[in-house]
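I opened my notebook to look up a few side chains. Here is what I jotted down.

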Amino acid sequence: MTIASYARRSAEALGPTTRGILWMVLCGASFALLNALTRVITADLHPWQTQFLRYCFGGVVILPFLLRGGLHLLRTKNLRLQIGRNLVHTVASGLWFLALPLVPLAEITAISFTGPIFMTIGAMLFFRETVRARRWIAIALGFFGILIVLYPKLQLGISASSASLLLLVAAPVSACSYLMAKVLMRQDQPETIVLWQSLLVSLFTLPFALWFWRPVADWHLALFVLAGILGSTGHYALNRSIKAADISATQPTRFLELVWASALGALIWGDVPPVWTFVGAIVIFGSTTYIARREAIADRERRGT
């Protein structure tokens, strides 16, 4: 028995929920490391150049799998949605990269927990899903959690929190990208979605990268290879987690990402997150976990299971 077949059988024996949780743990660890690595790179290179090279190297990392698995991985059943989704994703990640060098990792992670809040609002607006009073309360609590996270900076004025506001703008745009990816996963494989993301985001970002281009050192290239591995692994693990289990089951493991981000921020930059970051993150996380559970229940009711 080969290692690959043994790993596949072991994964199948774990059950879908456990697999979904493990994929989400891998996703969170990959993105925490990726954010730290990207923040190091953006100290030398412009954020848009960094964005281009990060997704470009993400595509390079996937290339061996494409060559091994065949060109069928490039086939998509909805090219128009792939293009539209990655235009949206380019905007979201562009805002994220602009804010990344200026905001502590723990705060970035706390704000990223708002994703399910904006996804619920997006599902209501675009998919005409019914949002009942309890979920509106959870959404309101989530926004209150954002204010708690930003409280120290709001005291210092808008100029001190402008980068954090960029992250807040990026969050709903990123949620739109996620909702579009969820539709794509009904038709395409997770590998196909990640591959198209690397190709198209690189293409869309290239003009901005060329405008702000700076010389790239060998150590930058080495870090970009690692960033490509981490980014592609994180997005692939996220897609596999979504496919394996309900978000309500995997959402609690996302809080580990805040622990890892806080540890990396303290080790690399000496950033000690204020207590408001953790308090706000707990409020946001609690509200988004409730939203995820309610959406899972509603989904089961729609399917009659």
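Entry one: Arg39. I looked up its cover first, and Arg39 is buried, with a relative accessible area of 12%. Buried means under 20%, exposed means over 50%, and partly exposed is in between (1.4 Å probe, protein chains only). I noted that this is a predicted model, where local features need pLDDT of at least 70, side-chain atom pairs count only at pLDDT 80 or more, and totals for chains, interfaces and linings use all residues. Residues are numbered from 1 along each chain as its sequence is written, and side-chain values use heavy atoms, with hydrogens and water left out.

Entry two: the partner. Which side chain meets Arg39 in a salt bridge? I found Asp271, at 3.0 Å from N to O. A salt bridge here is a side-chain nitrogen of Lys or Arg within 4 Å of a carboxyl oxygen of Asp or Glu. Arg39 sits in helix H2 (residues 16-41) and Asp271 in the loop between H12 and helix H13 (275-303), so the pair ties together parts 232 residues apart in sequence. Helices are DSSP runs (H or I, at least four residues), numbered from the N terminus. I counted up too: the structure holds 1 salt bridge.

Entry three: Glu257. I found Glu257 in helix H12 (residues 255-269). Is Glu257 buried or exposed? Glu257 counts as buried, at 6% relative accessibility. Leaving out residues up to four places away in sequence, Glu257 touches Gly28, Phe31, Ala32 and Thr109; contact means heavy atoms within 4.5 Å.

I placed Phe144 in helix H7 (residues 133-156). Phe144 is partly exposed, with a relative accessible area of 46%.

Technical notes: Helix = DSSP H or I, 4+ residues; strand = E, 2+ residues; numbered from the N terminus.
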